[in-house]
Amino acid sequence: MLEKIKQLLDEVNCLQATSPEEVEALRIKYLSKKGEISALMNDFRSVPAEMKKEIGMRINELKNKATERINELKTSALAQETLSDDVDLTRTPYPIQLGTRHPLTIVKNEIVDIFSRMGFTLAEGPEVEDDWHVYSSMNFADDHPARDMQDTFFVEAHPDIILRSHTSSVQARVMEKQQPPIRVICPGRVYRNEAVSARAHCFFHQVEGLYVDKNVSFKDLKQVLLLFAQEMFGPDTQIRLRPSYFPFTEPSAEMDVSCTICGGKGCSMCKGSGWLEILGCGMVDPAVLEANGIDSTVYTGYAFGMGIERIANLKYQVKDLRMFSENDVRFLEEFTAAN
Ligand code: DAH
């Protein structure tokens, strides 16, 4: 009997199986009620009393070994099964989460794209700026209310260093480095010291446009803006220009587009007027050209500036501005299909 136990122990030590079915067959062969080990137990009854202790120990040892080995084989066979042939181990984990473009990026890209097709090139400037580029070179008087603490974020240790409150500062950055012809489009983030609410935020995004050359006139501005509006909101879009005031342009205007919802008939979006305000613009004030090293007796220019959130709201009707900066994936995923 000891011989038989030893033989089975040798067998058990070398057991192999590659599938769960093969493991199950081994379990039946060795560990089931009709298996080899049960048979040994049956024979155990006829073992002489003086041998019982030793043989009993050996059978137990064999049983433990068989159980351990078969469990091992079972674990590795199951693991093997999940790694079957059609699994590509070099693949990235599934499902692959594709990111989506942020709605403001989509709109910014669209604006930049439209002006690029009209010959504008991209220019960018720093968000942490000095007073000169944001205000003084843009013809803001020293006591202009926009410089007020209410509006501007100052860097405490350096009262001259601020977070830019508009992208018009990039106009100055471009003009100080480059002589006309200048035709640039400048997207970027701006900051204003405002209480955050559904309708206002302490940071938002603008796109600035600047064109300086010989003989640039207001009618060039008007035509470029009409083309932009029609590309952005559809070929039937109309524009109207209302006189306004900005320190850096003279004359200045604000531009409305015919309502993107009702087409001009009047609805709740345009508060019955048929028009939606979308940007500020004007002829670059000669004082701004001079402050930035451009001869205003030779050159003229126009400029315009618009809020990207404003345009995005007209396109997507996002009711709460805070949605744009909260990174709620459910909101962002709504723009998956957009370009
Ligand atoms: N900088 C203005 C603002 O933040 C927007 C603006 C208006 C920019 C008229 C311009 C412009 O270039 O000509 O409200």
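Trainee: What makes the residues of the shell around the ligand nonpolar, polar or charged?
Mentor: The shell divides into five nonpolar, eight polar and two charged residues. The sorting goes by residue type: Asp, Glu, Lys and Arg count as charged. Keep in mind that this is a predicted model.

Trainee: Which residues of the shell are the closest to the ligand?
Mentor: They are His166, Ser168, Arg192, Gln206 and Glu208. In total, 15 residues surround the ligand. A residue counts if one of its heavy atoms lies within 4 Å.

Trainee: What about Gln171 and Gln206?
Mentor: Apply the 3.5 Å limit again. In Gln171, a side-chain N or O atom is 3.2 Å from a ligand oxygen. In Gln206, a side-chain N or O atom is 2.9 Å from a ligand oxygen.

Trainee: How much of the ligand's accessible area does the protein cover?
Mentor: On its own, the ligand has 350 Å² of accessible area. The protein covers 89% of that.

Trainee: Where does the ligand sit?
Mentor: In the largest pocket. To sit there, more than half of its atoms must lie within 2 Å of the pocket's grid points.

Trainee: Why is the peptide bond from Pro180 to Pro181 worth a remark?
Mentor: Most peptide bonds are trans. The bond from Pro180 to Pro181 is cis, with omega near 5°. Pro181 lies in the loop between α7 and β5 (182-191).

Trainee: Where else is there a cis bond?
Mentor: From Glu250 to Pro251, with omega near -5°. Pro251 is in strand β8 (residues 249-258).

Trainee: What makes Lys271 stand out?
Mentor: Its phi is near 50°, a positive value. Most residues other than glycine have a negative phi. Lys271 is found in the loop between β8 and β9.

Trainee: How far apart are the centres of the two domains?
Mentor: The assignment gives domain 1 (2-82) and domain 2 (103-335). Their C-alpha centres lie 82 Å apart.

Note on methods. Residues are numbered from 1 along each chain as its sequence is written. This is a predicted model: local features need pLDDT of at least 70, side-chain atom pairs count only at pLDDT 80 or more; totals for chains, interfaces and linings use all residues. Side-chain values use heavy atoms; hydrogens and water are left out. Domain bounds come from an automatic or database domain assignment. A polar contact is a pair of N or O atoms within 3.5 Å; within protein, one must be able to donate a hydrogen and the other to accept it, and residues adjacent in sequence count only if both atoms are side-chain atoms. Accessible areas come from the Shrake-Rupley method with a 1.4 Å probe; for residues, only the protein chains shown count as cover. On a 1 Å grid over the protein atoms alone, a cavity is a set of points where a 1.4 Å probe fits but cannot get out, and a pocket is an open set with protein on both sides within 12 Å along at least five of seven lines; lining residues have an atom within 4 Å of a point. Helices (H or I, at least four residues) and strands (E, at least two) are DSSP runs, numbered from the N terminus.
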